[in-house]
Amino acid sequence: MNIVLLGGPGAGKGTQSDKLVDAFGFCHISTGDILRGAVKAGTELGKKAKGYMDAGDLVPDDLIIDMMKERFQQPDTAEGVILDGFPRTTVQAVALDSLLAELERPLDAALLIDVDPEVIVARLTSRRMCRECGYIGNVSDGDTCPKCAGEMYQRDDDNEDTVRNRLDVYAKSTAPLIDYYRGSDLLVTVNGCQEPDKVFADIKELLGL
Ligand code: AP5
Ligand code: MG
């Protein structure tokens with residue numbers, strides 16, 4: 001199954017991807033995670049991406065599309081992928097369509113996790129993540145990861161000003177993809193303002209899993 005996860009910053013794309021991976025073993029590709037890894041490793045891509053990410057702006061399409069073409073060369077993508085944070089512009093969506101057509105791997109669904117932007121600022125300014133295992137939690141977890149005892153940290157782009165810019169960028173550049181996928185009859189929508197387990201139950205039902 002090839003699935004695009006749509007939804008604004010903090011909608012719960014990472015949280016629900018982790019649940020899908022745990023339950024079904026899907027290959028999860030998060031462009032944000034790949035980019036943060038590149039920044040940490042100090043690669044050319046990371047150096048080019050850092051300024052955009054810290055400001056909450058989108059990294060240029062050509063860098064992202066090249067990065068994803070490379071990622072799709074890896075064998076773990078063959079059985080199906082969950083794309084978290086890609087595509088994020090119409091240019092990226094068109095590039096994904098051509099890439100999947102070339103690979104003869106059709107897209108099964110574009111799943112929109114729908115969340116009121118008003119709840120996002122509080123969610124993201126209180127998010128904390130584990131440096132070791134990537135667990136997504138929040139400030140109530142304290143300094144130690146409940147899963148692996150690694151160190152919990154706050155993402156550089158989870159401050160209020162940057163979160164507000166990310167919301168604006170989502171509305172302007174990414175929200176148009178909702179109509180893009182509705183037009184090709186692939187759009188399914190889940191209410192992301194419920195408890196994470198309820199969101200997951202609804203996702204399984206919507207995707208027939
Ligand atoms: P990225 O890492 O993709 O960030 P994002 O889209 O802003 O989304 P987040 O990861 O912040 O949120 P999420 O939806 O995964 O929510 P989560 O599950 O963590 O991108 C970062 C940056 O990289 C971009 O700004 C851009 O610069 C660049 N970039 C990435 N992809 C790009 C692309 N394709 N093109 C160009 N640039 C790109 O949950 C958030 C919090 O809420 C957590 O604390 C969680 O515990 C909590 N939570 C989750 N679900 C619920 C729930 N149901 N109820 C209550 N709390 C919940
Ligand atoms: Mg995420």
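Where is methionine 1 found? Methionine 1 lies in the segment before strand E1 (3-6), strands being DSSP runs (E) of at least two residues and helices runs (H or I) of at least four, numbered from the N terminus.

1. Basis of the note. This is a predicted model, in which local features need pLDDT of at least 70 and side-chain atom pairs count only at pLDDT 80 or more, while totals for chains, interfaces and linings use all residues. Residues are numbered from 1 along each chain as its sequence is written, chains are lettered from A and ligands numbered from 1 in the order in which they are written, and side-chain values use heavy atoms, with hydrogens and water left out.

2. Thr15, Asp57, Arg88, Arg127 and Arg166 come nearest among the 31 residues around ligand 1; a residue is near a molecule if one of its heavy atoms lies within 4 Å of it. This shell divides into ten nonpolar, twelve polar and nine charged residues. In this division, Ala, Val, Leu, Ile, Met, Phe, Trp, Tyr, Cys and Pro count as nonpolar, Asp, Glu, Lys and Arg as charged, and the others, Gly among them, as polar. Helix H2 provides the largest share of the shell, four residues.

3. Contacts with ligand 1. A polar side-chain atom of threonine 15 lies 2.6 Å from an oxygen atom of ligand 1. For arginine 166, a polar side-chain atom likewise lies 2.6 Å from an oxygen atom of the ligand.

4. Salt bridges. Side chains of opposite charge can pair when their charged atoms come close. The structure holds 13 salt bridges, each defined as a side-chain nitrogen of Lys or Arg within 4 Å of a carboxyl oxygen of Asp or Glu. One of them joins arginine 71 and aspartate 76 (2.7 Å, N to O). Arginine 71 counts as buried because its relative accessibility is 14%, whereas aspartate 76, at 38%, counts as partly exposed. Here buried means under 20% relative accessible area, exposed over 50%, and partly exposed in between (1.4 Å probe, protein chains only).

5. A bridge between loops. Glutamate 151 forms a salt bridge with arginine 131, with the closest N and O atoms 3.2 Å apart. Because glutamate 151 lies in the loop between E6 and strand E7 (152-153) and arginine 131 in the loop between strand E5 (127-130) and E6, the pair ties together parts that are 20 residues apart in sequence.

6. A bridge within a helix. Glutamate 160 and arginine 164 also meet in a salt bridge (2.9 Å, N to O). Both lie in helix H7 (residues 160-174), four residues apart, about one turn of the helix.

Conventions
Polar contact = N/O pair within 3.5 Å; in protein donor to acceptor, adjacent residues only side chain to side chain.
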